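I start with the metal.

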Amino acid sequence: MKYILLTVVIAGGVILIVGLRRALQTYLKFRGKRLVSCPETRKPAAVRVAAGNATLKATVGNEQLSLSECSRWPEREACGQECLAQIQEAPNACLVSTIINRWYQGQNCAYCHKPFGEIRWHDHPPALVDYERRTVEWNQIPAEKLQEALGVHWPVCWSCHIAQTFRREHPELVVDRPAH
Ligand SMILES: [Zn+2]
């Protein structure tokens with residue numbers, strides 16, 4: 001009797017660990033904002049998968065996804081969410097963070113010309129500069145306009161963005177010394 005009970009407890013523990021692992025993998029895979037091509041308009045839309053919901057379903061082996069956010073909502077909230085097929089096919093490639101990171105790789109800062117290495121989003125996030133030399137932070141650009149923004153901006157490192165912003169906001173405090 002004691003051994004049967006022990007076997008049941010161990011089997012239960014293994015099932016629980018496998019379920020939790022699957023849930024964690026699902027959560028990590030589907031969190032974050034993504035850019036898809038809306039099947040209805042053929043234009044970019046920014047969406048978010050209901051990662052928490054997907055995680056709960058994954059624990060019982062159900063891999064059906066749903067959206068929790070879309071830039072076309074609330075107007076098109078009743079759509080069939082056909083764009084989920086794009087996310088299931090390439091979950092990483094359509095992540096907004098992947099698209100932005102790839103854009104910086106191999107490029108240099110428009111001001112100091114330093115190459116972008118590993119990007120430190122938590123404390124030194126890089127920015128963009130438009131043709132009017134105005135630097136812009138990523139949180140000012142809606143994700144659905146991402147591709148458009150990448151076409152009309154240049155990359156700027158964090159230090160140059162801070163320096164340029166200061167220069168723009170306090171021109172009276174900036175003195176340009178001629179180079180020797
Ligand atoms: Zn720079």
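Before looking, I wrote down a rule: four donors count as tetrahedral if all angles lie between 85 and 135 degrees. I also noted that this is a predicted model.

**Entry: the zinc site**

Which residues are the protein donors of the zinc ion? I found C109, C112, C157 and C160, each giving its SG atom. They lie 2.3 Å from the zinc ion. Next I checked the angles among the 4 donor atoms, which run from 101 to 115°. That range falls inside the rule, so the site is tetrahedral. I then looked at the spacing of the donor residues in sequence, and it reads C-x2-C-x44-C-x2-C.

Is C109 buried or exposed? Its relative accessible area is 1%. Buried means under 20%, so C109 is buried. C112 came out as partly exposed, with a relative accessible area of 32%.

**Entry: the sheet**

I turned to the strands. In what order do the 3 strands of the open sheet stand? I read β5-β4-β6, with antiparallel pairing. β5 (135–136) and β6 (154–156) are at the edges. Each has a single partner strand, so one side of each is left without a neighbour in the sheet. I followed β4, residues 127–129, to β5 and found 2 bridges joining them. One detail I noted is that L128 has V136 in β5 as its bridge partner.

Conventions:
Residues are numbered from 1 along each chain as its sequence is written. This is a predicted model: local features need pLDDT of at least 70, side-chain atom pairs count only at pLDDT 80 or more; totals for chains, interfaces and linings use all residues. Side-chain values use heavy atoms; hydrogens and water are left out. Two strands pair if DSSP finds at least two bridges between them. Helices (H or I, at least four residues) and strands (E, at least two) are DSSP runs, numbered from the N terminus. Donors are N, O and S atoms within 2.8 Å of the metal (3.2 Å for Na, K and Ca); water is not among the atoms, so sites may look incomplete. Four donors count as tetrahedral if all angles lie between 85 and 135 degrees; four count as square planar and six as octahedral if opposite donors are over 155 degrees apart and all others between 65 and 115; anything else is irregular. Buried means under 20% relative accessible area, exposed over 50%, partly exposed in between (1.4 Å probe, protein chains only).
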